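Please look through the sequence and the model first, then go on to the points below.

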Amino acid sequence: MTTVDDRTPTVADVSGPSRLAEPDEAISAEELQLAARNHGLPLEALRYDVTPAGLHYLLIHYDIPEVDAAAHALTVGGAVDRALTVTLADLRARPRVTHRVTMECAGNGRALLHPRPVSQPWLVEAVGNAEWTGTPLAPLLREAGLGADAVDVVFTGADHGVERGVEQDYQRALPVTDALREEVLLAYEMNGAPLLPQHGAPLRLIVPGWYGMAHVKWLRSIEVRTEPFEGYQNAEAYRLRRDADDPGVPVTRIEPRALVRPPGFPDFMTRRRLLPAGPCTVDGRAWSGHAPVVAVEVSVDGGANWAPAELDPAAGGEFAWRRWRYEWTATPGRYVLSARATDASGRTQPVEQPWNRGGFANNLVQRVEVVVPAE
């Protein structure tokens, strides 16, 4: 028998609070629905210096909005001397630059945490390294004339939804000093082609070195504020907190990470690898948003022992990932391959999980199970 609820519905009826999974709770249908909408990088695609657009990780908070590129305009306002409205054609007429940027979702690794924060269930594949073309943001802000008391710059996308009971346009802010970094882009191309709808067409923000939540897609407005921005995605989401009452600290730059390109070939279900005995080059990519990667170490025994890998010369600039390689002679047995990166700031990947309630910035070392069968 179907019952009728006579209450007037509220946003809270469709959007509940955040929670942690119970100790033995499986991935839910809701999480699988998120995983079907969003996708990670197939790890074999680590072989590409530049990630093809269709293999680059993807996270879409709400719906892909319908945006008419021909009519699209970006507004710049708030605490500025001159409010501006610029079309895509105006932006294309400005100085054009291309940056190769490794972009990683702040929630990468979330599904591996214990207890597991219930959200998009990323393993380790939420990353990509693309070439983004556009015009620098800083000259446009200077042209508008920032007020002397400007604190934050707020970026609003055309995507609209509800999250944890809060209806909103997707909005993120950067401190003025970060917004004025010369490498921050208003991007309209990815890998030499116009942006695809799922990657923010016709215009998006690119903030090299920061996790993906800062790279606002479908960008429609920029507002300069004289007080810190307290919107949901800044003040509530994307904060490192130990419990629900902890105000936390903001998620910003990407923590160092190295990923192994799994050798051999996989079992369909488990993705465990089968590898013939003999010489094998184990390789992958490493990156950090804090400073250049200066070392990668490799373990073939689940982290009991580590050996230095060889780093290829940096290619693509300071914000792009770097290839590493390690020569290994595989003998029959079972192995767990891992790699860990260290950057020039002294940050190194942990071997114990850096747990937080949102599951953010979890750069715990990867584990790749490999079986080398007897001949």
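Arg92 has a relative accessible area of 36%, so it counts as partly exposed. The model is predicted.

**Salt bridges**
- The structure holds 19 salt bridges.
- One of them joins Glu189 and Arg92, whose closest N and O atoms are 3.3 Å apart. This pair links distant parts of the chain, with Glu189 in strand β7 and Arg92 in helix α2, 97 residues apart.
- Glu189 is buried, at a relative accessible area of 8%.
- Arg142 and Glu182 also form a salt bridge, at 2.8 Å from N to O. Arg142 lies in helix α3 and Glu182 in the loop between α4 and β7, 40 residues apart.
- Arg142 is partly exposed at 46%, and Glu182 is partly exposed at 42%.
- Asp312 and Arg325 meet in a salt bridge of 2.8 Å, N to O. Arg261, Asp283, Asp312, Arg323 and Arg325 are linked in a network of salt bridges.
- Asp312 is buried at 16%, whereas Arg325 is partly exposed at 24%.

**Open sheet**
- Five strands form an open sheet in the order β2-β1-β10-β5-β6, with mixed pairing. Its edge strands are β2 and β6.
- Strands β5 and β10 pair in the antiparallel sense over six bridges. Val153 stands opposite Val224 in β10.

**Thr135**
- Thr135 is found in strand β4 and is buried, at 2% relative accessibility.
- Its side chain reaches the backbone oxygen of Pro95 at 2.7 Å.
- Residues that Thr135 touches include Leu91, Arg94, Val184 and Tyr188.

Note on methods: Residues are numbered from 1 along each chain as its sequence is written. This is a predicted model: local features need pLDDT of at least 70, side-chain atom pairs count only at pLDDT 80 or more; totals for chains, interfaces and linings use all residues. Side-chain values use heavy atoms; hydrogens and water are left out. Helices (H or I, at least four residues) and strands (E, at least two) are DSSP runs, numbered from the N terminus. Buried means under 20% relative accessible area, exposed over 50%, partly exposed in between (1.4 Å probe, protein chains only). A polar contact is a pair of N or O atoms within 3.5 Å; within protein, one must be able to donate a hydrogen and the other to accept it, and residues adjacent in sequence count only if both atoms are side-chain atoms. Contact means heavy atoms within 4.5 Å. Two strands pair if DSSP finds at least two bridges between them. A salt bridge is a side-chain nitrogen of Lys or Arg within 4 Å of a carboxyl oxygen of Asp or Glu. Lists of a residue's contacts leave out its neighbours within four places in sequence.
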